[in-house]
Amino acid sequence: MKNYGLVGFPLAQSFSQKYFTKKFADEQIDAQYLNFSIDDIEKFKTEVLTTPDLCGINVTIPYKQKVMPMLDGLDETAAKVGAVNVVKINRTGNKLTLIGYNSDVVGFENSLKPLLKPCHTHALILGTGGASKAVRYVLEKLGIEFKFVSRTASADTLSYEQLTPEIMASHKLIVNCTPLGMYPKIEGCPNINYTQVGPDHLFYDLVYNPEVTVFLQRALDHGAQIKNGYDMLVGQAIRAWEIWNS
């Protein structure tokens with residue numbers, strides 16, 4: 001039996017495990033999908049890579065960047081993005097070769113493009129973690145200008161307190177790349193002024209559980225278009241399977 005799995009912490013809920021377990025059952029694939037909830041990336045070597053017949057790994061918060069030094073190589077997209085969410089494992093005898101990929105790019109781009117309107121020329125990316133790197137890559141590819149937003153301002157990042165009405169009005173695409181509002185802590189949401197939102201705004205939340213987060217609901221209350229991260233997750237999972245079997 002082949003093994004696949006998800007590495008992250010915490011793993012209170014896992015889309016990937018449900019998705020691949022159903023896929024393996026439906027397609028009669030002799031494989032299982034495991035959750036590796038590790039509280040230290042160093043355990044990647046001792047508690048994950050020691051799993052028998054491990055063929056592929058998904059990587060989620062907070063390890064999409066921390067896992068990179070442990071890999072033997074990166075594909076071109078992952079290198080440009082600066083984050084990895086898929087690891088392909090090649091075996092030669094007892095030697096493992098680990099190659100990192102980023103399938104978030106495909107998932108995000110394919111789920112975002114049908115929603116874009118001519119007014120979506122400027123975006124705010126909320127959060128600066130590994131997921132935000134894939135979002136940045138896609139926005140650059142699509143020619144959408146963007147600003148990062150975080151709790152603390154820096155040379156290339158705005159703080160939430162710096163989001164003036166003018167910035168909110170001109171940046172019609174807002175993407176939440178933070179885990180705020182994700183199950184089980186569903187009451188959280190990014191600290192922006194939702195009263196400055198209107199019908200031309202598109203709010204995209206990488207979180208998919210709950211289906212409508214507080215972030216999305218507050219935007220919806222003010223007439224904005226909303227999208228959660230479910231289709232992105234499906235897209236990245238499909239691409240991950242292609243990578244593992246290429």
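Predicted model: local features only at pLDDT ≥ 70, side-chain atom pairs only at ≥ 80, totals over all residues.

Student: Back up a bit. How many aromatic pairs are there?
Tutor: The count is 19 aromatic pairs. Among them are the rings of Phe15 and Tyr19, with centres 5.6 Å apart and planes at 25 degrees.

Student: Why does the pair Phe15 and Tyr19 count as stacked?
Tutor: Planes under 30 degrees apart count as stacked. The planes here are at 25 degrees, so Phe15 and Tyr19 are stacked.

Student: OK, the sheets. What order do the strands take in the one with β1, and what is the pairing?
Tutor: Six strands make an open sheet, in the order β2-β1-β3-β5-β6-β4. The pairing is mixed.

Student: Which strands stand at the edges there?
Tutor: β2 (31–37) and β4 (73–74). Each has a single partner strand, so one side of each has no neighbour in the sheet.

Student: How many bridges join β1 to β2?
Tutor: Seven, with β1 (residues 2–8) and β2 running parallel. For instance, Asn3 has Gln32 in β2 as its bridge partner.

Student: Where does α1 pack on that sheet?
Tutor: α1 touches β1, β2 and β3 (54–59). The direction of α1 makes about 170 degrees with that of β2.

Student: And what holds strands together in general?
Tutor: Strands of a sheet pair through backbone hydrogen bonds, either parallel or antiparallel.

Student: Now the sheet with β9. What is its order?
Tutor: The order is β9-β8-β7-β10-β11-β12. Six strands form this open sheet, and the pairing is parallel. β9 (157–159) and β12 (225–227) are the edge strands, each pairing on one side only.

Student: How much does the sheet twist from one strand to the next?
Tutor: The twist averages 25 degrees.

Student: What joins β7 to β10?
Tutor: Four bridges, between residues 122–126 of β7 and residues 173–176 of β10. Leu126 stands opposite Asn176 in β10.

Student: Which strands does helix α4 lie across?
Tutor: α4 (residues 104–112) lies across β10, β11 (202–205) and β12. It runs at about 150 degrees to β11.

Student: Back to helices. How do α4 and α8 cross?
Tutor: Their axes come within 7 Å and cross at roughly 135 degrees. That makes α4 oblique to α8. The crossing is right-handed.

Student: Which residues of α4 and α8 meet?
Tutor: From α4, Asp104, Val106, Gly107, Phe108 and Ser111. From α8, Asp231, Met232, Gly235, Gln236 and Arg239. The contact residues divide into three nonpolar, four polar and three charged.

Student: What about α1 with α8: what is the angle?
Tutor: α1 (residues 15–26) and α8 (residues 230–244) cross at roughly 55 degrees, with axes coming within 11 Å. The two helices are therefore oblique to each other. This crossing is right-handed.

Student: Which residues in α1 and α8 meet?
Tutor: In α1, Phe15, Ser16, Tyr19, Phe20, Lys23 and Phe24 take part. Their contacts in α8 include Tyr230, Leu233, Trp241 and Trp244. The residues of this contact divide into eleven nonpolar, two polar and one charged.

Technical notes:
Residues numbered from 1 in each chain as written. Heavy atoms only, no water. Axes fitted to C-alpha atoms, helices over the stretch in contact; angles between N-to-C directions. Parallel < 35°, antiparallel > 145°, perpendicular 65-115°, else oblique. Left-handed = near helix turned anticlockwise from the far one by under 90°. Contact = heavy atoms within 4.5 Å. Nonpolar A, V, L, I, M, F, W, Y, C, P; charged D, E, K, R; others polar. Pairing = 2+ DSSP bridges. Phe/Tyr/Trp six-rings, centres within 6.5 Å; stacked < 30°, edge-to-face > 60°.
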